[in-house]
Amino acid sequence: MIPTSWFLILGAILFSLGVLGVLTRRNGITIFMSIELMVNAVNLTFIAYARELGSLHGLMWVFFIMAVAAAEAAVGLAIFIALYRHRETIDVDEANLMHW
Amino acid sequence: MTESFVPVLILILFGIALGAGMLIVNWYVGTHRRNPSKLAPYEGGVPLLDTNRKRINVRFYQIAMLFIIFDIEAAFIYPWAVIYRDATMTSSGIALFALGEMFVFVTLLAVGYIYVWKKKAFDWN
Amino acid sequence: MTWADLLFLLPEIVLSIGGCLLLLAPVIGGRNNGVAAKWSMLLLLVATAAAIYVAAGAGIPSLALGTLFVADPFAVFFKLLFVVVIAMITLLSAEFLEDGRYSAWEYYSLMAFALCGMMFMASGTHLISIYVGLELLSLASYILAGYYKNETRSTEAAMKYFVLGATSSGILLYGMSLIYGACGSLHLEAISQAVATMAGNQALIIGVMLLGAGLCFKVAAVPFHVWTPDVYTGAPTPVTAFLSTASKVAAFAIFARIFYMGLHSLEPDWNSIIATVAALSMIVGNLAAVTQTNVKRMLAYSSIAHAGYALLGVLAMSEIGLQGVLIYMLVYAFANIGTWAMVMLLRRREYAGENVDDFDGLHKSAPLYAFAMVVFLLSLGGIPPTAGFIGKYYLFAAAISAGYAWLAVIAVLMSAVSMFYYFRLVVAMYLKDGAAADVIPSRQVRFIVIVCLIATLTLGILPERMIRGAARSIAPIVNLASR
C-alpha cells in the first residue's frame, strides 16, 4: 500500500503550484484554474486523511467542496464574462480603475 | 513492498531509452528534406481550414457552466441512494425522512432549473 | 437527524424558501421592482419571528443535524443582529433598485441567501457547516459586489473580490484539512479535546495558521486586507454597507467561535500571530485612512482598523474579551450603517457625491443629518457618550487584563489618529461652505439614519441591557473554554 504521506506531499505540491499560479499568472481564467488546483489539492488531502483515519467525514467533505467549487466556477466565469464585456480583456493587471 | 515496483521502473526506463534512442539515431542517420506540405500539422491529410486559436462563442461556456453545476449536484444522489437502501431495511421512519430530504434537494435544483430556463439561458439565439 | 431537528433550523428554512421564491418571482410573474423590497421585508419579518421562536427555547444549547448545528444564545445573538442589519440594508437598497435598471428581485434573493449563510455560520459548531455557510455568504457577496454590471468599477470590484476571496477560501480549506488530519474530527468540541493533548504538532499548527489566514481575509485584517479598499469603493454603496457590517460581523462570529470553542488550548501557539495582525490592522488601517479623499475608501480603511480592535477580544481569550467582541459588533454595525446611509443620502447617480468635499456645508442644509453623522463618527472613534465607547472600553480592558497592555496603548493611540480623519468630515460639514451639500429625498434612507442615530445614542447612554445580553449570550462558549 502506498503510504499516506505520499498523498499528503502530492497534495502540498499541488496546493503550492496553485498558489504560485494565482500569484504569478495574469490571465483571469488561468488564475481561476489555479484556484481550482488548490481546491483539488485540498480534496486529495482530505481523502488521504480519511483513509488514514478510517473516518467518513473526510469523504463527506469532498462532496461539499466539489459542489461549492462548481458554484464558485459558475460565479467566477460570469464575473469574468461581465468584465470582458467592459474591457475586451480578462488580464487582471488591466483592472486598475481603483488604486490608492 | 517498494521493491516489487523495481521491474516496472526498469520497464519505464527501458521504454524511455528505446524511444529516445530511436529518435536520436533517426536524427543523425536519416536525411532531412523539408518542404511546406511536410511541415503541415497533418501531412498528407486535409489541409487546415483555419487556426485553432480562435475565440469560441461564450454560449458554449455558459452551457458548460450550467452542466457542471447540475452534474455535481447529481453526485450527491449516489451516496444518498446507498444510504437510503440501508435505511429502508432498518427503519421506515428514517427512510421516510431520507426521502423527504431528497425531495427538498431536488426541489431546490428545480428552482434553479426553472430560473435558468425562464431566463432563456438555454436558447441559442 | 429527525423531523424535530428542523425546528431549530426554522429561520434558515424560512430564508431558503423565501430566497427561492424571490428568485422565481420575476420569471413567473411580477416584474415590478418596487414591490420586491416589500416582499423582502416581509420575508425578513418571518425570519425574525422564527429566530425569536428558536431563541425562546435556546436556554440550553440544542444540537441539530447531528453535531453540525447548535441553537445556543451566542448564535441567537448574532442571528438577531444579522436580521436587523439586513433589514436596514434592504431599506437602503430600495431606492437605488427602484429605477429599474437593475433587477431588484435577484438582489433581494441573494441577500436572503447571504443571510441564510450568515445564520449557518453563527450556528455552526462543525467546520463543515461553518464552511458551507461562509461560502454561501461569499458567493452571494461576489455577485452583489458586481451588481452594477454596466459600471466597469463595480465589475472590477467583483472580479478582485472573487479572485482574492476564492484564493482565501482555498487557503482556509487547506488549513481545515490539516486540522482534520491532526485531530481526526472537524467538530469544534472534538478538536478542542484533541488539541489539548498535542502541543507542538507541526501539521496542526500549520493548519491553524492557514485557517487563521483565511479568517483574517474574511474580516479584512492586515496583511490580508488589500481587497478591501477597491471592493468597498467599487461596489454599489448599499452592498458596501452590507460587506462592511453584515459580512464582517458574521466572519467575527465564526472567528470567535472557532478560537474560543476549538482552539483555546493552543493559545500559546497563535497568540503572538493574532497580536501582530491586530496591531498591524490598527496601524495600517488608520494611517492609510488619513490620506484618503474618497469617503468610501476612507471608511474602507477605517473598517480594516475596526477589525484590528475587535481582534483584541479574540486574542484576550477571556469572558470580558468575548463579551467585548459581541458588544463591539453590535455598536459597530449601527454606527457603520448610519455612516453609509449618510453617504447614500448625498449620493447622486451611481457613484457621485462620495468625496469629503461633498459634505461641505451640510450643517446648513440639513442640520439633523449633520448631527447624526457626527454621532456616528464619534461612535466609530470610541468617544463617550456614544455606543462605540462601550465597545472599545470592553475590548481594551480585555486586552490589558490578558497582558497585552502594549496593544491597548497602540489601540488608544490609533483611535486618536482615527479621530483626526473622522473630524475632517466634521470640519467639512460645520466649518466649510458648499453649495453641493444637498440630501436626496429618500424616506427609507432618512429612516435608517434616524434609527441608527437613536440606537447609537441609546446604547451609549443606557448600555446595561446590551451588556447583560452579551454576557448571557457568551455563557455557553465561555463554559466550554474554561472546562
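**A walk through chains B, C and A**

A compact globule of 125 residues would have a radius of gyration near 14 Å, but chain B has 28 Å, where the radius of gyration is taken over C-alpha atoms and the globule rule is 2.2 Å times the number of residues to the power 0.38. This is a predicted model, in which local features need pLDDT of at least 70 and side-chain atom pairs count only at pLDDT 80 or more, while totals for chains, interfaces and linings use all residues. Residues are numbered from 1 along each chain as its sequence is written, and chains are lettered from A and ligands numbered from 1 in the order in which they are written.

Chain B has 4 helices and 0 strands, and along the sequence its pattern reads α-α-α-α; here helices (H or I, at least four residues) and strands (E, at least two) are DSSP runs, numbered from the N terminus. The C-alpha trace of chain B spans about 80 × 60 × 20 Å along its principal axes. Of its 125 residues, 0% count as buried, a residue being buried if 20 or more other C-beta atoms lie within 10 Å of its own, exposed if 12 or fewer, and partly exposed in between, with C-beta atoms placed from the backbone. One residue to look at is Phe122(B), which sits in the segment after helix H4 (92-118) of chain B. Because Phe122(B) has 13 C-beta neighbours inside 10 Å, it counts as partly exposed. Leaving aside neighbours within four places in sequence, Phe122(B) is in contact with Val116(B) and Trp117(B), where two residues are in contact if their C-beta atoms, placed from the backbone, lie within 7 Å. Phe122(B) and Leu66(B) are 56 residues apart in sequence, and their C-alpha atoms are 9.4 Å apart in space.

Chain C has 19 helices and 2 strands. A compact globule of 483 residues would have a radius of gyration near 23 Å, and the 21 Å of chain C agrees with this. The C-alpha trace of chain C spans about 65 × 55 × 40 Å along its principal axes, and buried residues make up 64% of its 483 residues. Among contacts in chain C between residues at least 6 apart in sequence, 80% join residues at least 24 apart.

How do helices pack inside chain C? Two packed helices are described by the angle between their axes and the distance between the axes. The axes of helix H1 (residues 10-28) and helix H2 (residues 33-56) of chain C come within 8 Å and cross at roughly 165°; axes are lines fitted to C-alpha atoms, for helices over the stretch in contact, and angles run from 0 to 180 degrees between N-to-C directions. H1(C) and H2(C) are therefore roughly antiparallel to each other, since angles over 145 degrees count as roughly antiparallel, under 35 as roughly parallel, 65 to 115 as roughly perpendicular and the rest as oblique. H1(C) passes H2(C) in a right-handed crossing, whereas H1(C) passes helix H4(C) in a left-handed one; a crossing is left-handed if the near helix is turned anticlockwise from the far one by less than a right angle, and right-handed if clockwise. For H1(C) and H4 (residues 104-123) of chain C, the axes likewise come within 8 Å and cross at roughly 165°, so these helices are also roughly antiparallel.

Two loops of chain C deserve a careful look. Most residues other than glycine have a negative phi, and most peptide bonds are trans. In the loop between helix H8 (202-219) and helix H9 (227-234) of chain C lies Pro223(C), which is joined to Val222(C) by a cis peptide bond with omega about 5°. Ala220(C) lies in the loop between H8 and H9 of chain C as well, and has a positive phi of about 65° although it is not a glycine. With 29 C-beta neighbours inside 10 Å, Ala220(C) counts as buried. In the loop between helix H15 (367-381) and helix H16 (387-401) of chain C is Pro385(C), and a cis peptide bond with omega about 10° joins Pro384(C) and Pro385(C).

Finally, the chains meet one another. 6 residues of chain C are in contact with 7 residues of chain B, and 32 residues of chain A are in contact with 31 residues of chain C. H3(A) gives the most to the side of chain A that touches chain C, with 15 residues.
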